Amino acid sequence: MAAVATCGTGAGSTGSIAAAASKNNVTSFQRKGPRASGTDSGCSRLVSIAGTRPSVRNGQLLVSTGLPALDQLLGGGLAVGTVLLIEEDKYNIYSSLVFKYFLAEGIINGHTLLVASAKEDPADILQELPAPLLDDNCKKDFDEDVCNDKTPDSNIKMKIAWRYQLLPKMESGPVSSSRFGHYYDASKRMPQELIEASKWHGFFFPEKLSSTLNIESCSLTHGYRKLLQFIQNVIYEEGFDGSSPQKKQKNILRIGIQSLGSPLWGDDICCTENCDNSHSLTKFLYVLRGLLRTSLSACIITMPTHLIQNKAVIARVTNLSDTVVGLESFIGSERETNPLYKDYHGLIHIRQIPRLNNLIYDVSDVKDLAFKLKRKLFTIEHFAWSHCSGGAFQVIAIITRVTGLPVCNRTSPPTFQPPSHLTHGTQVLHLAATAFASRLVRHSEPLKQTGSGRILQAAGPRLWHDGRRQEAPGLLAIPP
Amino acid sequence: MESVLALGGFVLLRDSVEWEGRSLLKALIKKSALCGEQVHILGCEVSEDEFREGFDSSINSRLIYHDLFRDPLNWSQTGEALPGGPLGALQAMCRRTHPGPVTIALDSLSWLLLHIPCTALCQALGALSRQHAHPGGGSPAEPVRVLGLFHEELHGPGPLGALSSLAQTEVTLSGTMGQASAHILSRRPRQRPAHQTQWFSILPDFSLDLQGGPPLESQPHADPHTAPVDPTAHVTFNLHLSKKEREAKDSLTLPFQFSSEKQQALLRAGPSQATSHIFYEPDAYDDLDQEDPDDDLDV
């Protein structure tokens, strides 16, 4: 964005100077290009569409997923032209909520929606979207939500690490308006006039089936084929792929597909392990991704992967999607009564981040993420252990703020993954107090160059790089 | 048990060899019939006479029985058999447009799973629970209940998972010492699922007798491994300080000595502060005499 601004102003100044100097002859130094103007003309190089912004890392156009915390974890947002796959939790409560946040964000930004489902009518899904939190009352709502779970420990004035009192905690509050991601109130519905003002297409699979359910029409590719044709028609007719020149402003198409792979779509990967058409779902994802890459659209798919019997299919589906986020809720499991997890409703696993036009992954180093659905807001936080007191808490608070690494003492031994540049997140921190006094910086793997050509420092920890991402190897010693 | 019938939608009754579910199914059918609802039964596993046994005539007159047991493959060609086989029978049920609440009992889903593909069954069940809820014409939603009996040992985890994800209520039959219990998992939309265990017994005339708890003879084993996990149990550093330790800690002089005014000034420091201040507090070993730098040397 900054680059465009400077050459915009540059063009303006040289253009005006050249025009003032010589009106008749065109000099070779006359810059041809977009003049500096506030509104984008047709020849502006960066498309400026409502609700999108370019990524700060590689300039990729991003849209918000509807959850600013999830945007932050995915590296700023969901890239246009990619698929976000949500692995459903067992009772499909939180994944449908994330699905609705995505659609609500589309309505607020004025994007076109395409909702496909085999279980619920898309009109009913749109009626249940959460209401957006407006600026004036959202700050009040958020503050009272935060105050409700403030523990007395968090008000300790720090004696040793007093300089860190001013550092902000993880950004989880509403920011100013005209922003990228919006906050939503899960307890209220979106106002009807906003829904009616938006443009949406619905695909309800049972309606598209012929009235007689004979065996042939339940074959696997039938439902997926119809859905792909529908998506392709919408993209082509509305001009999201640039085929028909759009007279008005370009827009994004947000596609939401609910419970793909469930038997209601006619796919039996959830029913048997050795199914006949096991490649139907993977073919669908492959063709869908091709459609998305050539159009200005972003897609969210929720899939009941806990029902898929063949684990190889899950691996293939993960490889064929761009961003994969898994939700694991604590309902019904033994973790529901575990006091370690009592503040949260479930865990979020970021299983895959795409590598778009890039050599490195944009992965956050934090691997322990938990979510909770507060009275109104859906928040994602580092899963941090908050049961300690006194000095240990100060130390842990510093370390959490400084490095973004959570400190977590789990009753089960941690699973150590082979050190790679993706996975030095979860490190169980024993002896936190002594670790603070004498920090050992041990590099577990050789330093590497990042894609942008920076060479990492050999000594000293790298703190607070770019918000929360850290490319340096582990700060703290891995316990023996 | 009232919640099972009150919620509507698809109710999955999971039974096993030890705890059979057909009597519970018949008890639920009797309850719906007594409420004045229309009851359709798709009978596949037992004959019609055997199914109707035990019901009195008033209830029997309300039951509409679709018989798939006698001639499932339509070999007799008499025209009595249901057209289209099992799938056709299900689709015929989807097309019912009688007003009023309807209960459909499927006896059993296991038999249907052996004859039609699982995906077709799931789609038909979805259509059944949706059909009457949104009839054309804008009349208010009428509750449709689909009770499906499912023998869970006959199937792998796949069909069970698929059907339970469709079900609004899942009733698993088990029990101890001759006393049957039903574990009811009800999923309301957009709410957390609710678990409930109900002990019951079925009387000879198929009415439900709900009991409070397990029989006295069977002592429920206290689960030792459901004790709450204490996160502070196996920590390698000391989390709790005694009073003496706390006093000692508070009185410890920090290596970086400064006064609280300096601390507050530094904390308050912001863009408004134009000038910079130097705070100097001499240490115990600091030499204040500027003239002789070697004064502190012990020569």
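**View 1. The salt bridge between B:Arg22 and B:Glu45 in a predicted model.** B:Arg22 forms a salt bridge (a side-chain nitrogen of Lys or Arg within 4 Å of a carboxyl oxygen of Asp or Glu) with B:Glu45, and the closest N and O atoms are 2.5 Å apart. This pair links distant parts of the chain, 23 residues apart, with B:Arg22 in helix α2 (residues 22-34) of chain B and B:Glu45 in the loop between β2 (38-43) and α3 (48-52); helices (H or I, at least four residues) and strands (E, at least two) are DSSP runs numbered from the N terminus. B:Glu45 is partly exposed, at a relative accessible area of 25%, where buried means under 20%, exposed over 50% and partly exposed in between (1.4 Å probe, protein chains only). Because this is a predicted model, local features need pLDDT of at least 70 and side-chain atom pairs count only at pLDDT 80 or more, while totals for chains, interfaces and linings use all residues. Residues are numbered from 1 along each chain as its sequence is written, chains are lettered from A in the order in which they are written, and side-chain values use heavy atoms, without hydrogens and water.

**View 2. The salt bridge between A:Arg351 and A:Glu87.** The closest N and O atoms of this salt bridge are 2.9 Å apart, and the pair joins strand β12 (residues 346-352) to strand β4 (residues 83-87) of chain A across 264 residues. A:Arg351 is partly exposed, at 47% relative accessible area, whereas A:Glu87 is buried, at 7%.

View 3. The structure holds zero disulfides (pairs of cysteine sulfur atoms within 2.5 Å) over all chains. For A:Cys271, the nearest cysteine sulfur is that of B:Cys118, 3.2 Å away, and A:Cys271 is buried, with a relative accessible area of 4%.
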